[in-house]
Amino acid sequence: MKNNILIIGGGPAGLEASAQLQRMGYNVILIERSAKLGGHLAKWDRLFPDRVPADEVLGGLLRAAEGVKCFTDTDIRAINRLEKSYNVRLTNGITVLSDAVLVASGFDLFNAVRKEEYGYGIYNQVMTNADLEAYFKTGNDKRIENPKKIGFVHCVGSRDEKSGCRSCSKVCCATAVKQAIEIKQAFPQAEVFCFYMDLRLFGRHYEDLYLEAQKEYGVRFIRGRVAEVSENYDGTLLVKAEDTVASKPLKVTLDLLVLMSGMRPSASVKELGEHLGMMVEEDGYFSVRSGISAGQRSPQPGIFLAGAATGPKTLPETLADARAAAMEIERYLTEIFPDARNYKQLVKERW
Amino acid sequence: MTPLFNLLAAQAEVPEVIDRIPSGFSYFVIPFTVGIVFFLCWIGVGCVRLLRAVPRTDRLRLWKSLFIPKTAAKNIKELFCDCLFHVKIWQRKPLLGYMHSAIAFGWFMIIILGHIEVALFVPARLNVTRGGLFYPIFYRYFVWMNPGHTTLRGAFFFFLMDFFLLYILSGIALAVFKRFRSIVLGMRHTTKPSFADRVSLYSLWMIFPLRLLAESFTADLSGGSFLTIPVNQFWHFLFGDKLWFMPCWWAYSICLGLFFAAMPFSRYMHILTEVLWILLRNAGIKPNHPRKGVAEAEIYACSSCGLCLDACPMNVQKKNLKFSSVYFIRFLRRHNEKKINAIADKCLMCDKCHALCPVGVDAPALRRAQRATVNNSLPYDYSYLGSVVSKDTVRTAKDTGAAAELRPYSAAAKRGWTRPGSDGCPEGMVSEPIQPYSSIPEVLYFAGCMTHLTPRIIKSVEKVFEAAGVEYAFADRDGGICCGRPLMLAGKTDAAAATIAVNKKMIQESGCSTLVLSCPICFKVFKEEYHLEGIKVVHYTQFINELIASGRLKVEKTDRKMVYHDPCELGRGCGVYLEPRAALSQVGTLVKASKEYDESICCGGSLGSLTLDTHDRTKISEASLDSLLVGKPETIVTACPLCLKTFSEAVSNAKYLTETVQVKDFAEVVCEH
Amino acid sequence: MVDFGFGLVPSSRINLDLFDKEKYEELAAMEPDVRICMACGSCTAVCTAGKFVPTSLREAIEAIKNANSEKALQMLESCQLCGKCSMVCPRGINTRHLILSITKVYSKK
Amino acid sequence: MIYEGKQKIWSEYQKEIPDDHYFYVRSCIRQSFFPASEATFLDITRNVLGKDIFETEHHTTCGGIAYHSDTIPQETVMTIIARQFALMAKHGYENYVCSCITSFGLYCETMETWREYPELEAKIRENLWKSCKLEFAKPKFLVHASDLIYKYRNLIAAQAVRKLVNVHTGEPLKVVEHIGCHYSKMFPSKGVGGAEYPYVLVGMIEAWGGEIVDYPERRHCCGFGFRQYFIKGNRGYSLSNTHKKFESMEPFKPDLIITNCPGCPYFLDRWQYVIAESTGKTYGQDGHGIPALTYEEVAGLVMGYDPWDLGLQTHQVGVEPLLDKMGVEYDPAKKYLGKDGKDLGSPQPCACLK
């Protein structure tokens, strides 16, 4: 039984799923639209809460997925559903006949330019969480030269209907606290402020991270959303927020402002949705068969979903989701797919 | 056999003792003499300085006390029991007690006897100008026995001297042994000796062996007994007739000299300062400063024996040993302000070191005094206290209607503060003053701040009251103000006084005859600082025990296995040990804890410590719990909201997940039966 | 100077640039727990003195971090050190010592 | 500051501004405080650029001040506006240009409200018919007079006799731009360049050779705020807002403030006097203030109009230092002479403000 399985997206979810499915003996084809595998993980330096190097984790994923047929710089040109399986034409000219398709299209970081009032791309000293990770990786960024006062703005493009995202991106709070610690390690003399609406440190050890930031690194957490940023004569930033705990407006001069860009649905979602005839919910993420009991099944039989394609997830959640998807695919390909005669019936009952 | 008076007569002609050295002087006495002279001067000056530092009234008090028969008797008793026989140590650690008394009492006797001998045989030598200072000490060197004229009397003294020397030597032996294996003598931790300590310690060890050596060398000339004579013969057997005894006498003298010279700077100073401290203490003079005046006598009375090291509940962590009273006092002596404050703030004020101190040094009081020097001057504004009035309808077994609302607001209003609709009081409005009590209650119950965090105590107490048909009013049903004890513990004595005044007024206005408290912290301060004439101040354990004893409260006995934890402030603080136990034994069977009564271990929640962090506190709670759990009880009963809360939280720690024991309050348990 | 019958109104805005880092570090050295408050307000809720006058350790800590030590002191001057707050603090902050330390550090001119 | 970043944003907030044929309505405040500004606007657009700008003496206030002071209900104000629109339709225009920012905001608000609640629009139609027997048509294009000058900025630059440049140093003048809150803060899409970094005035300054100043309190209100000013007890707030702006722009040493709102130039100008006289603080060079001009006045200056014809003498803050920098020749003696040359009488000298 060597069914073809097409996996769309070479990020953590795609890699983990392909590794699992390959172990089960399926014939996995992984496509990635960008030149490099690993998705956002490849751009990150260290991961919360334990600050393990992202490269190690990615390395592990890649090693496990060795032997998987994968095409980078490749997208989908067209998909048409045959009776049971899918005929997929790729942009690199290859055509794949696959019995199951796993969509692991992941997410995009919110484009901080959209929040004009924070002045990203307008003031020199404003950067995003991604920029800061890049700095941690490479050690150079012209915006960072021994800053004395640094601010982190949580929920940039999250929990903000105006910027088109009502929901929480789940990972930014922990990331902000982690980065606050790291920047403080880099510049022990600096004062670090975190501007949050709610600190959503739900996971195991996340609270410890928070406590560490307060206790060991003296990070100041201010409950209130930055509302306006402007540039002083000397190029420093004047940041305005409300300290909602003290219920008073507040201003502070900062040398560096880091915006915690949240998760947005991947730009590829739209056209993928069209190709696969899959519904996208109001929040822009793919809808699933059942948010509780069938989170990896799309409404389309034979098409599965994993990772941030179905909403913001932490890395461990994404990987677990990918494994779950692999199991679902395995179940579909053994219980439903082979029975040509009752296929439609089985789909009705079990999909 | 000639009668004794003949012997006395006989002495007239033929002296029993002959001055071996007519000059009555030898160079080897110089080291000792110098040492002792320096020492005496130091003492003299010290005493004068100290007494001058004591306020005049206290000084008079001291002189008077010496002539009041009662205190005089007390003084004498304590001087003997504490200074010489070390009874307190005997009671807890017999071997250790023996060691101390051997050295102290033995040496005391030798000195006394030495002088008696001189007085009897060469009275003239007692005169200071003729060497009275050293002669009695080196008596055996200066004289020799008139052969054939030795009498029973002489032999009697020889025997006594040797006996006490042996007694001391046994003590010394123990002391040396203790240095290396203190646990055998019942001490887990011992103090780290300072330099002066070492000098005097080692010289003290040497003194008596050398004395034995020296005296045994001269035993055949100047007499000896069962100890010195045989040794003397042994020497002769070893070296024939050539005995160089000078070096020994020199060494002996040097050791004595060293010891006395180093004494003022060493722990051994307590041998004398203790005397002064006992006198001052019995005269009822209290220190008001951690170092000056009486306190000086107190801190110098500390023998740094280190018993407080084992006593201190903080010792569960080695790092905290350095905060024990013995070191606190050492730093007080050294005037090391920074260290003093650090240590003063750490203490839990559980008072155990005080309870177990053989010298009765009240280190916690000194720590409080020290805190006061820092914290008493801190600003505070208690103007709002003026408006605090308590109001509660008297409740009986029948009447359980809700109490009328108390809401003193003027202070708040004064500071322009309004809390919308707080407790049914419209914004910023001041509810007009209400007559405190609607009728005179028999009993006034004051729960205290902490008890309001443990409602089960309040509920149970009220239930008990109603069951026993006690007419009572609830002073702080709607929350009163603090009792003032925490402020005192923190050294904010003035602020405490302000608080106390307000509560006192409130209680006196209630017109109650008995004040019942469920919090030992309150209890202690109400008892000691409030001076509520005509009002009986009792802890609810005492009160409830009385109710049971008098049959007003019916309880049935079960075979429930319980252990009782003595709260610091209730037990050591107010000496209430038996009443709670008596009451509990009426409802269940009490098992023993490994440490109880005045040795019970603080629960760790104490308000006494200012700087102890949660982690350290948890460690203490665990030590305390472990001690309580040895008897495998089903229930831990305590009579303090703090202990209750601390233990309840501690038993839910991972460490005790397997334990099924429940933590209950005294009244709660009584209610259940 | 002309009196127009109206004039500039002082800003109620918190200005973190006025935050006295040195003094704060002095406090933190004395009682590090000041750093770990998460502003849950338990201390204020149980406060004995708070029943009669505004007394709040939480607000005091907030005020210090917002460069308003006068308010901090005012928030604590009525405190009776009864210790209820230390019993309820979820972070186990050593509240009584923190209160004493704040008063010590910020009341000395 | 990253200029490209701003251009990106600006490019996203562009609105269509027809080139010609406008129905013009004046501003209550400007007519009385800066009459020359509106005159200049008409002169430049009609006579210099030859545009068709129509106005009728029958138009009234938009009711904005009354509305924002909570003295008349929304329906009333909408009916007034409907009447203006009716006048426009009657004279066969469909492009509506207003001189006042308050009006502009109110027109936007009204049209948005009608879009959301057509039934309300119907009701207003009825009101207007009942009260004036008039029918109205909504303007196809609604612009503010500054939008128009922005549109013509390059035409003006082409005819300019001088640039916004310090003739002594050759440096471009540092200009603070201040837009009226109601221009784009309520409806960012309706203003050129949006609300965060509005472009309408920046465009003019750039076209005329000046250098724009980007200071922290740039977006902050001038302090007018209707109630804050009208009730004397509240004027402290109004003053403090202005003060905040000046404190913030001070380090940038601006030569000139350009505004597009009736209230702003008035308050940015007069409050400098009050701050100077009550606190002794001045913000211009050596004891002078910072001239706060309308965009028409600035346009007039670059096009070589006589400063006194532009009504610059009606400003509290003396404009002479600016004129000297720009190399504008003027006759100090004529400053307080009216059109017919008779003396208007000169104001009391100030104690602090030069």
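Q: Why is B:Asp616 called buried?
A: Buried means under 20% relative accessible area, exposed means over 50%, and partly exposed lies in between, using a 1.4 Å probe and protein chains only. B:Asp616 has 3% relative accessibility, so it counts as buried. Keep in mind that this is a predicted model, where local features need pLDDT of at least 70, side-chain atom pairs count only at pLDDT 80 or more, and totals for chains, interfaces and linings use all residues. Residues are numbered from 1 along each chain as written, chains are lettered from A and ligands numbered from 1 in the order written, and side-chain values use heavy atoms, leaving out hydrogens and water.

Q: What makes B:Asp616 and B:Lys319 a salt bridge?
A: A salt bridge is a side-chain nitrogen of Lys or Arg within 4 Å of a carboxyl oxygen of Asp or Glu. Here the N to O distance is 2.7 Å, and the side chains of B:Asp616 and B:Lys319 meet in a salt bridge. B:Asp616 sits in helix α27 of chain B and B:Lys319 in the loop between α14 and α15 of chain B, so the pair ties together parts 297 residues apart in sequence. Helices here are DSSP runs of H or I with at least four residues, strands are runs of E with at least two, and both are numbered from the N terminus.

Q: Which class does B:Lys319 fall into, buried, partly exposed or exposed?
A: With a relative accessible area of 42%, B:Lys319 is partly exposed.

Q: How do you know that D:Lys51 and D:Asp19 form a salt bridge?
A: Their closest N and O atoms are 3.0 Å apart, and the pair is a salt bridge. It links distant parts of chain D, 32 residues apart: D:Lys51 is in the loop between α3 and β2, and D:Asp19 is in the loop between α1 and β1. D:Lys51, at 14% relative accessibility, counts as buried, while D:Asp19, at 39%, counts as partly exposed.

Q: What makes C:Lys71 and C:Glu59 a salt bridge?
A: Their side chains meet at 3.0 Å, N to O. C:Lys71 lies in helix α4 of chain C and C:Glu59 in helix α3 of chain C, twelve residues apart. C:Lys71 is partly exposed at 30% relative accessibility, and C:Glu59 is partly exposed with a relative accessible area of 23%.

Q: Why are both faces of strand β9 of chain B called covered?
A: B:Thr635 and B:Val637 on one side are buried, and so are B:Ile636 and B:Thr638 on the other. In a regular strand the side chains alternate between the two faces of the sheet.

Q: How do you know that β9(B) pairs with β10 of chain B?
A: Two strands pair if DSSP finds at least two bridges between them. β9(B) and β10(B) have four bridges, in the parallel sense, with B:Thr635 opposite B:Gln662. Strand β7 of chain B also pairs with β9(B) in the parallel sense over four bridges, and B:Tyr564 stands opposite B:Val637.

Q: How many residues of chain B and chain C are in contact?
A: Contact means heavy atoms within 4.5 Å. By that rule, 43 residues of chain B are in contact with 27 residues of chain C. Across this interface the rule finds zero salt bridges.
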